[in-house]
Amino acid sequence: MMKLNRPRWSPLLWQITLLCAVLLFHNPLVHGNDEISTESQPAEDAEQYETPKVDPKRMYFAEHFDDLFGENAIEKRWVKSQAKKDDAADEVAKYDGEWAVEQPQRPILSNDYGLVLKSKAKHAAIASHLLLNRPFVFEDKPLVVQYEVNLQEGQECGGSYIKLLSVGDGTKDLKHFHDKTPYTIMFGPDKCGNDVKLHFIFRHVNPINGTITEKHCNKQKDRLDDPFKDKRPHLYQLIIRPDNTYTIRVDHKTVNEGSLLTNFTPAVNPSAEIDDPEDRKPENWDDREKIPDPEARKPDDWNEDEPAQIPDPKATKPAGWLDDVEEMVPDSSAVKPADWDNDMDGEWEPPLIPNPMCEKAVGCGLWKAPMVANPNYKGKWRPPLIANINYQGKWAPRKIPNPDFFEDLTPFRMTPISAVGIELWSMSNDILFDNIVICDDESVADEWAAQTFDLKVKTLDRQAQTLWDRTMRYINYKPGYWGAYFVYCSIPLIAYIWFLWSRRDKEETFVSRVLKYCNNNPWMWAVLIVVVGLPVALMIYFMCFSKGDTKAEIGRKKKNDDYPVAENEQDGLAGAGEADDDGRSSKTKLNAAATGSSGSRSASSAGEAYPEDEDEHDGDEAEDDEEEDEGQEEDAQEMAAAEEEASSSDVPVDSKSSEGGEGLKKRRAQLH
């Protein structure tokens with residue numbers, strides 16, 4: 001048997017396979033010269049999430065659910081409805097939807113809980129009074145409503161909105177909360193099929209007769225499809241101001257804004273005039289703009305009987321056409337069923353099948369010429385239209401003053417709010433609500449979002465730096481896509497193996513046949529790489545490079561890892577180093593100087609503290625450190641102690657700064 005040559009393509013194939021495996025299962029991604037090391041990527045639980053504090057002086061309502069995860073603990077602040085719907089059958093009228101306080105299916109922050117609707121296709125309602133039972137009164141301060149929603153199973157038909165319940169007898173006992181309970185505002189997302197909405201509805205009270213009408217906000221320009229399918233938390237915010245303007249934001253982005261007076265249907269203020277209901281159109285009123293020409297006559301050669309299509313006169317029957325052969329013939333192999341009753345079912349006849357003789361011939365049966373357009377066809381004759389000299393215009397009833405007219409220039413002054421309610425019917429379960437806030441100051445809501453939602457987004461974005469999370473996010477966490485992708489990649493591989501197996505030689509092994517065929521036909525390697533590698537390359541491209549300016553994002557994250565010391569604070573740090581007798585500055589003083597009076601460090605302030613030429617400063621600092629290390633080789637132990645003491649502080653020292661340099665030299669001198 002001929003000895004096989006060593007395959008020329010095998011090393012390249014192994015390299016490509018190894019590279020794909022490294023890219024797929026290795027968490028850190030490399031973008032150009034920027035690499036995210038595992039040390040700079042803390043674990044999910046390392047976010048140090050702290051439950052935000054509720055301040056009744058600044059908030060009318062605030063709910064984080066973090067302390068309500070115990071059994072029946074939710075009843076401390078929330079009331080589950082025990083009511084029934086009036087217009088529904090008894091078996092579906094109950095509000096028996098299940099609520100639970102639990103962590104998300106995909107935990108993001110440690111010890112972060114939310115209110116979850118566990119059931120689907122059931123009516124569910126739950127509500128809670130405002131803090132200290134202090135109602136929100138629409139006077140001279142804006143209303144700010146904010147909350148999070150995570151559709152953990154997606155959404156096909158159902159809502160995830162909230163209701164701000166009105167002050168009154170209907171909201172005193174929240175156990176009777178139902179769909180007819182008076183509310184002031186309904187706000188939040190809703191979807192059924194292809195109809196996607198972001199509700200903002202307020203109930204307006206007629207100042208004349210006291211009737212209440214729902215006013216629906218006009219739709220935003222852009223569709224909001226992602227929140228219903230990406231299975232991520234989203235932040236919804238509504239701001240209504242005393243000047244009757246409103247703003248709706250989703251994830252801090254403005255999606256809709258306008259005025260309560262002009263952007264709602266029906267309008268807040270009715271028309272000053274209406275159509276007279278008693279006015280009737282006169283019988284002799286002629287509102288025809290054009291009429292048939294009464295003097296027109298049908299031409300003598302106009303034939304209305306001509307058909308629209310006729311057989312093609314130029315067509316001829318093809319040669320070999322079998323005129324005497326039927327297109328369908330009885331199936332000779334058919335057998336009369338045993339339970340066939342001629343008296344009840346009639347005379348049995350075998351079913352018809354296409355005539356096998358017609359398959360070999362040009363055609364069979366009665367030949368007919370194809371139909372073509374009839375050049376003589378004109379259709380039914382109609383006289384041409386001319387202008388109507390008696391045209392009186394379009395009739396409309398006369399206008400009269402509207403007896404119900406009023407002008408409300410301050411629709412902002414709505415019915416006061418006393419409670420927050422969630423009343424839903426959804427075909428999806430595991431809808432998670434979290435961090436509901438009602439206040440009259442946008443900064444309070446933004447501060448709450450910075451401690452909750454913004455922290456979640458930051459964590460998710462960091463997790464998305466790994467190829468695995470990018471892939472899972474792109475395929476929307478649906479394992480079915482993996483099965484489809486596996487089948488797609490397996491088809492050419494199975495076909496290729498079957499092809500080789502069909503050409504098997506008993507004197508050769510399977511592996512030798514594969515190598516032999518690939519050596520003799522190197523193009524087969526290219527075919528396999530294109531068929532299998534193309535979808536892999538596309539997936540890697542979408543996962544790794546779908547976001548814009550990834551390198552800039554990585555650089556920003558690196559900058560936020562270390563909080564810099566402001567120049568005007570370094571004098572205090574140096575002085576703190578001199579004050580201690582043992583030559584080591586107090587860690588408490590360093591932390592106090594770094595955090596300032598507020599005692600907090602935000603990512604935004606950290607970003608502002610960095611100058612634009614920080615990269616150059618970092619390089620200079622590295623060079624200075626190397627020179628200092630070389631100059632202190634004779635006393636390595638004392639230098640190590642100094643570096644250990646400096647690293648114990650939370651504040652990095654800028655060696656390029658003159659003040660910081662002097663402080664560092666004094667500290668080292670004290671160690672000697």
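A search of the whole structure finds 25 salt bridges, a salt bridge being a side-chain nitrogen of Lys or Arg within 4 Å of a carboxyl oxygen of Asp or Glu. This is a predicted model, in which local features need pLDDT of at least 70 and side-chain atom pairs count only at pLDDT 80 or more, whereas totals for chains, interfaces and linings use all residues. Residues are numbered from 1 along each chain as its sequence is written, and side-chain values use heavy atoms, with hydrogens and water left out.

**Salt bridges**

- E63 and R77 join their side chains in a salt bridge with an N to O distance of 2.9 Å. The pair links distant parts of the chain, with E63 in strand 3 (residues 59–63) and R77, 14 residues apart from it, in the loop between strand 3 and strand 4 (79–80). Helices (H or I, at least four residues) and strands (E, at least two) are DSSP runs, numbered from the N terminus.
- E63 is buried at a relative accessible area of 2%, while R77 is partly exposed at 31%. Buried means under 20% relative accessible area, exposed over 50%, and partly exposed in between (1.4 Å probe, protein chains only).
- D179 and K85 form a salt bridge in which the closest N and O atoms are 2.8 Å apart. This pair also links distant parts of the chain, 94 residues apart: D179 is in the loop between strand 10 (162–166) and strand 11 (183–192), and K85 is in the loop between strand 4 and helix 2 (90–93).
- D179 is buried, with a relative accessible area of 18%, and K85 counts as buried at 13%.
- In the salt bridge of D275 with K399, the closest N and O atoms are 2.7 Å apart. Because D275 belongs to strand 18 (residues 273–275) and K399 to strand 25 (residues 399–401), the pair ties together parts that are 124 residues apart in sequence. D275 is partly exposed, with a relative accessible area of 38%.
- A network of salt bridges links D112, E148, D434 and K456.

**Nonpolar cores and a buried alanine**

- The largest nonpolar core has 63 residues, and L143, I185, F200 and F433 have the most contacts inside it. A nonpolar core is a set of buried Ala, Val, Leu, Ile, Met, Phe, Trp, Tyr and Cys residues joined through side-chain atoms within 4.5 Å.
- A second, separate core of 10 residues includes A62, I239, V437 and A445.
- Leaving aside neighbours within four places in sequence, the residues in contact with I185 include F138, L143, F200, L238 and M414; contact means heavy atoms within 4.5 Å.
- A419 lies in strand 26 (residues 417–425) and is buried, with a relative accessible area of 0%.
- With neighbours within four places in sequence again left aside, A419 is in contact with S128, H129, L130, K163, L164, L165 and L174. The C-alpha atoms of A419 and Y183 are separated by 9.0 Å, although the two residues are 236 residues apart along the chain.

**Strand pairing**

- Strand 15 (residues 245–250) and strand 16 (residues 253–259) pair in the antiparallel sense over six bridges; two strands pair if DSSP finds at least two bridges between them.
- The bridge partner of V250 in strand 16 is K253. The hairpin of strand 15 and strand 16 has two residues between the strands, and D251 takes a positive phi near 55 degrees there.
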